[in-house]
Amino acid sequence: MSGTLQTAVRGSSRTELVTDEREFAALEPAWGRLYRRCGAATPFQNHAWLHSWWLSYGMPGRLRLMVVRDGGELRAVAPLMRQRRPLPALVPLGGSITDYGDVLLDDEYADRAAATLTEGLSEAARSALIDFREVRPGGAAERIYERWRGPRRRVRDSVCLELPATSMDELAGRLPSSKAQRVRAKLRKLTALGVEQHVVGPDGVGAALHRLLELHRLQWEGRPMTAEHVQERFCEHLVRSMVPMVRSGDAVVTEFRLDDSVVAVDLTLLSRCLVGGYLYGAHPRLRERKADVAVMLLSACTRHTEGSGRGSLSLLRGDEPYKHHWRPETVVNQRLLLARHRTAPLMSAVVCDVAARNRGRELMRGRQEHEGGRP
């Protein structure tokens, strides 16, 4: 399938199913305007991120972008692709390297756009399940879920941890006094060492991200790390997406220098609703000099939250113990499953699989705790 197919008309709005990647690229200006008008949008719904991801990871013939137009303007987009295994489904673009999946809805026309988009998705689904993964609570996809007329289920997805979008001093003030004093001492230590921060401009983003990935490999040397982070396709995607996102103010790349050398690089993503530290690389020399890398990175991240009006500082997916030092709020992403009556058995199969996996994790955790408590 290629090109654009009109699937439904509702008043002055119409839905179109875009299946050609050249048309995906051409949507960038209108997509960008819609992105600015969607308050729930995370950086992972940015056109630059998703189009770049498709170029690195997409499979020919699988693209399924459901768009709603009103006149010449986009009012909604569901960025999806067709998946055949393990079950036929329409799933969000972005894959495992994307922390939040969602649709985009124009806030001013949200009710009408959501209704039209829901109709288009129902028609496009046919024999496939619609499987929205990693939807942040309050995400725009919840409006589609509310309007869905067929079978539907909501299950838990990944855990994310979030902090208030405030200053580093106020984040430290949320801690017990002894811990807050240690954080402030670590900040003074960074200053005493002479660690300097430098925000990289769009022209320097490519080189800075290559340094980030080199430092990332170095910091994980000899330990298990995310395998995708060392793949060439990931590097290409990151550079290709971040250059326009830095230029538009939707991402910030920061270099940290010590003794005139770059010892760390951080990538932070920004949208109206959140700021999130996505990836960093740090030279082991920082720890050898007794610099607290986590404090350094969080301090840099808060420079983009204080007074910004953004809803939260997201630590993104993962429930790692070091994140809990900051007393974050636990926010659980949602998995929204939408079926037609003929595809209800597919939805049931997914729900059973999720339950089995959760039970398996609970048993493994209980076993580890039991073994760890043996004398």
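Predicted model: local features only at pLDDT ≥ 70, side-chain atom pairs only at ≥ 80, totals over all residues.
User: How many disulfides does the model hold?
Analyst: A disulfide needs two cysteine sulfur atoms within 2.5 Å. For C38 the closest cysteine sulfur is in C273 at 8.4 Å, too far for a bond. C160 also has its closest cysteine sulfur in C273, at 11 Å, again too far. The count of disulfides is 0.

User: Is C160 buried or exposed?
Analyst: Buried means under 20% relative accessible area. C38, with 2%, falls in that class. The relative accessibility of C160 is 0%, so C160 is buried.

User: Within what arc do the buried residues of helix α2 fall?
Analyst: Helix α2 covers residues 28–36, and its buried residues are A30, W31, L34 and Y35. Viewed down the helix axis, these buried residues line one face of α2, because their directions fall within an arc of 140 degrees.

User: Which elements do the buried residues of α2 pack against?
Analyst: The buried residues in question are A30, W31, L34 and Y35. Their packing partners include the helices α1 (21–26) and α3 (47–57). The strands among the partners are β3 (63–70), β4 (73–83), β6 (104–105) and β11 (261–270).

User: What kind of aromatic pair do F44 and W49 form?
Analyst: The structure has 6 aromatic pairs. In the pair of F44 and W49, the ring centres are 5.2 Å apart and the planes stand at 80 degrees. Planes over 60 degrees apart count as edge-to-face, so the pair of F44 and W49 is edge-to-face.

User: What kind of aromatic pair do W53 and Y57 form?
Analyst: W53 and Y57 both belong to helix α3 and are 4 residues apart, about one turn of the helix. Residues three or four places apart in an α-helix point the same way, because the helix has 3.6 residues a turn. The ring centres of W53 and Y57 are 5.6 Å apart, with 20 degrees between the planes. Planes under 30 degrees apart count as stacked, so the pair of W53 and Y57 is stacked.

User: How far from the ring centre of W220 is the charged end of R223?
Analyst: A charge counts as sitting over a ring when CZ of Arg is within 6 Å of the ring centre and within 35 degrees of the ring normal. R152 lies over the face of Y145 at 4.7 Å from the ring centre. The charged end of R223 sits over the ring of W220, and its distance from the centre is 4.3 Å.

User: Which cysteine is R136 in contact with?
Analyst: R136 lies in the loop between β7 (129–135) and α5 (141–147). R136 is buried, with a relative accessible area of 16%. Leaving aside neighbours within four places in sequence, its contacts include T42, E142, E162 and the cysteine C273.

User: How far apart in space are A140 and H47, C-alpha to C-alpha?
Analyst: A140 is in the loop between β7 and α5 and is buried at 6% relative accessible area. Beyond residues up to four places away in sequence, A140 touches A40, D102, V103 and L105. A140 and H47 are 93 residues apart in sequence, and their C-alpha to C-alpha distance is 16 Å.

How values were computed: Residues numbered from 1 in each chain as written. Heavy atoms only, no water. Buried < 20%, exposed > 50% of the residue type's maximum accessible area, 1.4 Å probe, protein only. Helix = DSSP H or I, 4+ residues; strand = E, 2+ residues; numbered from the N terminus. Arc of directions from axis to C-beta. Contact = heavy atoms within 4.5 Å. Phe/Tyr/Trp six-rings, centres within 6.5 Å; stacked < 30°, edge-to-face > 60°.
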